Amino acid sequence: MTLSSYKLNVSIAVSDMARAEEFYEGKLGLSAVQAGADGSRIYGSGGDASLHVYPSPGRAGMSSATLATWYVDDVELVVDALTSNGVTFEHYEELMTDEKGISPRAGGGKVAWFKDPDGNTFAVEGT
């Protein structure tokens with residue numbers, strides 16, 4: 001048995017659910033498909049419930065790794081739209097990001113990274 005045929009959800013710890021809702025719903029445009037008694041939210045993406053945001057002030061923003069990636073058709077279009085919603089994209093000199101924060105991928109494609117208010121890192125990747 002392997003896990004490759006099972007659905008995967010990502011869980012993100014945040015310190016302040018009200019601030020997280022403002023970011024995930026207001027800036028990223030995600031819609032909550034479920035709410036928990038603890039104030040947590042599960043957001044739909046690509047037709048599935050796939051991003052679980054939950055309150056955990058002591059654990060929020062502790063990873064420096066990219067926690068989740070959205071695979072999009074047009075990275076520049078998505079970066080422009082999210083930037084107009086107030087999302088700030090990261091600039092990494094070692095990855096040769098351009099003025100928008102977009103980096104070319106080896107073998108083709110592009111990627112751009114952004115952080116939520118707690119410093120959790122996400123990416124959009126595509127052409």
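The stops below begin with the overall fold and then turn to pairs of charged side chains.

Start with the cartoon view of the whole protein, which is a predicted model, and follow the chain from the N terminus, where the elements run β-α-β-β-β-β-α-β-β-β, giving two helices and eight strands. The radius of gyration is 15 Å, which agrees with the value near 14 Å that a compact globule of 127 residues would have. If you colour by accessibility, 34% of the 127 residues count as buried.

Next, select Glu21 and Arg41, whose side chains meet in a salt bridge with an N to O distance of 3.2 Å. Because Glu21 lies in helix 1 and Arg41 in strand 3, this pair ties together parts that are 20 residues apart in sequence.

Now select Glu76 and Lys100, which form a salt bridge at 3.4 Å, N to O. Glu76 belongs to helix 2 and Lys100 to the loop between helix 2 and strand 6, so the pair ties together parts 24 residues apart in sequence.

Then move to Arg105 and Glu125, where the side chains meet in a salt bridge of 3.5 Å, N to O. Arg105 sits in the loop between strand 6 and strand 7, and Glu125 in strand 8, so that distant parts of the chain are linked.

Definitions and conventions:
Residues numbered from 1 in each chain as written. Predicted model: local features only at pLDDT ≥ 70, side-chain atom pairs only at ≥ 80, totals over all residues. Heavy atoms only, no water. Helix = DSSP H or I, 4+ residues; strand = E, 2+ residues; numbered from the N terminus. Rg over C-alpha atoms; globule rule 2.2 N^0.38 Å. Buried < 20%, exposed > 50% of the residue type's maximum accessible area, 1.4 Å probe, protein only. Salt bridge = Lys/Arg side-chain N within 4 Å of Asp/Glu carboxyl O.
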